[in-house]
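Please keep the sequence and the structure in view while reading.

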Amino acid sequence: MTAVEVTDLHVWRGQAHILHGVTLTVPEHGVTALLGRNGVGKTTTLLAMMGLLPGQGSIRFGDTELLGTPTHLVARQGIGYVPEDREIFSTLTVAENLRLAERPGVEHRYDLVYDLFPVLKERLRQSAGTLSGGQQQMLSLARSILNPNRLLLIDEPTKGLAPIVIEHVVEALVHATSDTTVLLVEQNLWVASQLAKHAVVLDHGTVTYAGEMRTLADDPALAGRHLGVEVR
Amino acid sequence: MSSFVLYTVTGLGLAGLYFLLASGLSLIFGLMSVLNLAHGAFFAAGGYAAWWVMDSFDTVPAEPRFLLAVVAAGAVGAVAGALVERGLIRRLYGSHVRQILLTIGLGMAAVALMGGWFTYNPRLMDQPAWFGATTQLVGANIPNSRLLILAVAIVMLVALMAFLRGTRHGLIIRAGVENPSMARALGVDVARSFTIVFALGGLLAGIGGALGAVYFNGISPSLGTTQLIFAFIVVVIGGLGSVPGTAVAAVLVALTQIYVNNYVATGLGSIAVVVLLAVVLLVRPQGLLGKVQP
Amino acid sequence: MRGRIALGLTVLVLALLPLVPIGIPVVFTGDFTTPGTLQVLASALVLAAVAMSYDVVFGYTGLLSFGHALPFALGAYGTNLLMIHVGLDYPIAIGVMLLGHGVLAVLVGSLALRTAGVAFAMVTLAFAEAFALLVLSDPLRILGGEEGLPIASERVPDLFRGVVNTQNIYWLALALAVFTFLVAHRVVSSRAGRVFEAIRENEKRVEMMGLRPFPFKLAAFTISSTLAALAGSVYLLVVRGANAGITTPDFTLAILVMVVLGGAGKLWGAAIGGFVYGILTLRLSAVATSDAIDALPGWLSGPLSEPLFVLGVLFILLVLFAPGGLSSLRLRLRGA
């Protein structure tokens, strides 16, 4: 069963042609890692899915064509987005950040959020801009799991975090993503291999590998060819 | 000492007017990145609405009549704001330059329209008698009208903050001012808030116009436009999108203007304000409480 | 080549106009040989020049300056003050004014260009506003305040003195418009001009090409200002004085309206916008008192006799439906 089907996706950022006909599928239930070197178009793919960038081609989510759909309607399909730079609202409190994320008509899983990220419960009235990097990341993740989303698009959740915090985030992610579909962009291959079952590799705007994460992780030569680094 | 108190209260009254005009501008720019150069027309329209109410219902006693006038002014401003956003601005979604140009044309046409209808001579507005009287405060004789304007402005400030902090719409506006894309990514229809913000701006400007008719002893079509310059300066100094910043900046600008005009030389007050703007821009371009511009 | 022929023909027609005893009824009070009509046309030509000057900094370089009235007003007031208080003759006064203005433009530009976008618009507006307030409050009692400063006619060459020489003033205005066009055209078609347009499109990319945008922006700003100041000095002659109306923010916005009206980023578009704006604002009230408009009900005839109402509505329609300005409409007609 496929959650997302991307067909021949072309995306431009300004004059630059970033995605040159990306075709990939994201299997339902489970984590798919979207890998690749810097600048190959991983974030661009997520942005196009969220409707934050226009593109040509097709992105099907169940019965719905996402390409051309306004962002807020994409989100209301049950898609949660965790951007690369967290993008929490710094002038709002933690509680307000979460409240804003509440979508009407669905349950709001505050228990789950506080369970996974107890530090947020402690700091509900704190201005989100004064949180540490790790705490902001947790808030960003919390927003995406507050509603029972059918798909989570997560962009480099461990970027710039200390190792201890990374462990906590990975732990939380394992729990949070157990009942939904996730497309995870990660540069940290250890994190990716902990979380993901499937892997898709992008290089220069096209897909160069699509298969099991395990296979990529177990074969250093394969990983080296596609990613330029070893999976440790 | 008594003149200092008088100048200070007068300055605070003027600050109230600036705040009413500038807060809407600030929110509109903060949320929509639209420089609404027609905002002065909302101010003038509110002023004329108030004048008309005071003029037409002269059998009603002055105080409730004035209250009605202020309400009418706010209503006219709000409706004007909503119509402008829905009917015009929204069609140019995505092109900020064209939206600004539209507001320039609109401001021009609206002022000329009022000029065509009401002539450019200032119209004196009927006022409750006690506006013209004074109250003793710390040894100085303060005109009641100034105190009233200040009081109304403070009430509107509190109401605005309550709206922004206490309602979901307010939450959406505050989030949208900081990062509209992320708000959309959370499923929020930010565009719907655009109309609300424009209407809100119109409401505040309209009320400002009614009070402006009191402060400046009359309403004329270009009154809003001349005050708009100062309102923009207040917005920039206070920080685009920040209501508390606008309040602080309004006080700063108005007091500077009044003090310099009275303690240094008449006419230099406005120039002092311009210097203040230049200094703030060079030292802290994002304004006192604003976010750093992307 | 076609462009040059069109330009040449237009200039020729305009140059010969004062010799043609035909008129446009209602719009003008007399035929093209009458001083009244020539003065209106001369004003419109000066506005065409100032619009072209603004097009360089706004239309081509994309800098939204809300202070373009300032150099124009400085040109008018500065030249007049030099004639009145320093006793310079008109041509020399212009030269000295341009020098002084050039220095000022570089200073103001260097300061203002430290900001960008809206802040830049605000700063330029503030500078223009400061000058407007200075003129009105007139602390040194030399600027004439609200009433304006009549021209020092004794310093004006005989060629341009007196109503009888309105023709010559008209030709001077035409020469100004042509000169402004040629200079602006030279600038925007040069290599620097390409950089101006690149800055308008994407300043980051210009930086990535290894160029520093600032010197180019300052150059565009200064050239633009200088052309406006020159136009101001001719305007002084055309309306026989410097008046406070040209210092106001309303006028600075009007310049923006002119350029967008005609078509930003196209010099001849800007020229048309300025010219049309000039004719409209000067003559609409005359057209409005005509029977056709008088017959309309009060609530309609009132606003319709206001030039700025008509212009404002026209402008709104243009921005909504024809953002390329009037010049784009003509292109469309030609292509259809």
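## Architecture of chain B

Read from the N terminus on, the elements of chain B follow the order α-α-α-α-α-β-β-α-α-α-α-α-α-α. In total, the secondary structure of chain B amounts to twelve helices and two strands. The model is a predicted one.

Chain B has a radius of gyration of 19 Å, close to the 19 Å given by the globule rule for 294 residues, so chain B is as compact as a globular protein of that length. Along the principal axes, the C-alpha atoms of chain B fill a box of roughly 55 × 45 × 35 Å.

How much of chain B counts as buried? The share is 60% of the 294 residues.

The contacts within the chain can also be sorted by separation along the sequence.

## Where chain C meets chain B

Between these two chains, 34 residues of chain C are in contact with 29 residues of chain B. On the side of chain C that touches chain B, the elements giving two or more residues are α5 (117–137), α10 (249–262), α13 (298–304) and α14 (307–321) of chain C. The most comes from α5(C), which gives eleven residues. Sorted by class, this side of chain C has 25 nonpolar, six polar and three charged residues.

## Where chain A meets chain B

Chain A also touches chain B: 19 residues of chain A are in contact with 13 residues of chain B. Two or more residues on this side of chain A are given by each of α2 (71–75) and α3 (94–101) of chain A. Here α3(A) gives the most, with four residues. The side of chain A that touches chain B is made up of nine nonpolar, four polar and six charged residues.

## A helix pair in chain C

Two packed helices are described by the angle between their axes and the distance between the axes. In chain C, the axes of helix α7 (residues 191–201) and helix α9 (residues 213–238) come within 10 Å and cross at roughly 105 degrees. Because angles of 65 to 115 degrees count as roughly perpendicular, α7(C) and α9(C) are therefore roughly perpendicular to each other.

From α7(C), the contact involves Ala192(C), Val195(C), Phe196(C) and Ile199(C). From α9(C), Pro213(C), Phe216(C), Lys217(C), Ala219(C) and Ala220(C) take part. By class, the residues of this contact are eight nonpolar, no polar and one charged.

Notes
Residues are numbered from 1 along each chain as its sequence is written. Chains are lettered from A and ligands numbered from 1 in the order in which they are written. This is a predicted model: local features need pLDDT of at least 70, side-chain atom pairs count only at pLDDT 80 or more; totals for chains, interfaces and linings use all residues. Two residues are in contact if their C-beta atoms, placed from the backbone, lie within 7 Å. Ala, Val, Leu, Ile, Met, Phe, Trp, Tyr, Cys and Pro count as nonpolar, Asp, Glu, Lys and Arg as charged, and the others, Gly among them, as polar. The radius of gyration is taken over C-alpha atoms; the globule rule is 2.2 Å times the number of residues to the power 0.38. A residue is buried if 20 or more other C-beta atoms lie within 10 Å of its own, exposed if 12 or fewer, and partly exposed in between; C-beta atoms are placed from the backbone. Axes are lines fitted to C-alpha atoms, for helices over the stretch in contact, and angles run from 0 to 180 degrees between N-to-C directions. Angles under 35 degrees count as roughly parallel, over 145 as roughly antiparallel, 65 to 115 as roughly perpendicular and the rest as oblique.
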